[in-house]
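Have a look at the structure below.

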Amino acid sequence: MAGEAIYYGTGRRKNAVARVRIMPGTGKVTVNGKDALGFFGRQALVDYATTPFKVTDTAGHFDVIALCNGGGVSGQAGALRHGIARALLDAGDYRAELKKAGYLTRDPRMVERKKYGLKKARKRPQFSKR
């Protein structure tokens with residue numbers, strides 16, 4: 001284990017931030033001290049977060065240890081995916097595949113702010129003619 005390579009990446013999505021460390025291993029994913037399925041609660045989010053490994057054919061080659069905070073579960077899964085993709089850039093020559101799949105781009109979509117006089121960001125109060 002001495003001198004084993006550890007690669008770092010930070011991923012963001014909405015208000016979630018994931019600080020990711022990947023190291024050569026068996027494909028175990030740990031998020032905030034729990035296994036990924038226990039943390040996210042459903043397999044679909046775990047699969048979504050680990051797609052960078054599928055694209056680069058490195059599934060089962062790296063162990064992931066991540067710290068996620070902020071946002072909700074879906075945003076955290078997206079942040080984890082972004083962080084894993086960034087960490088893989090350091091780990092090897094995967095830039096072309098990750099870029100083509102669009103995993104290196106930070107998703108710019110954020111929640112639109114609520115405006116005064118409206119019920120939500122765009123929902124207007126009911127109009128009454130009389």
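This is a predicted model: local features need pLDDT of at least 70, side-chain atom pairs count only at pLDDT 80 or more; totals for chains, interfaces and linings use all residues.

Residues are numbered from 1 along each chain as its sequence is written, and side-chain values use heavy atoms, with hydrogens and water left out.

Q: Why is Q76 called buried?
A: Buried means under 20% relative accessible area, exposed over 50%, and partly exposed in between (1.4 Å probe, protein chains only). Q76 has 9% relative accessibility, so Q76 counts as buried.

Q: Where is Q76 found, and which residues does Q76 touch?
A: Q76 is in helix α4, residues 73-91 (a helix is a DSSP run of H or I, at least four residues, numbered from the N terminus). Leaving out residues up to four places away in sequence, Q76 touches A16, F39, F40, C68, N69, G70 and G71. Contact means heavy atoms within 4.5 Å.

Q: What makes the pair F39 and F40 edge-to-face?
A: Rings of Phe, Tyr and Trp (its six-membered ring) pair if their centres lie within 6.5 Å; planes under 30 degrees apart are stacked, over 60 edge-to-face, the rest tilted. The whole structure holds 3 aromatic pairs. The F39 and F40 centres are 5.1 Å apart and the planes stand at 80 degrees, so this pair is edge-to-face. Both F39 and F40 are buried.

Q: Why is the pair F53 and F62 called stacked?
A: The ring centres of F53 and F62 are 6.2 Å apart and the planes are at 20 degrees, so the pair is stacked. Ring pairs link Y7, F53 and F62 into a cluster.

Q: How do you know that F53 and F62 count as buried?
A: F53 has 6% relative accessibility, so F53 counts as buried. F62 has 9%, so F62 counts as buried too.

Technical notes:
Helices (H or I, at least four residues) and strands (E, at least two) are DSSP runs, numbered from the N terminus.
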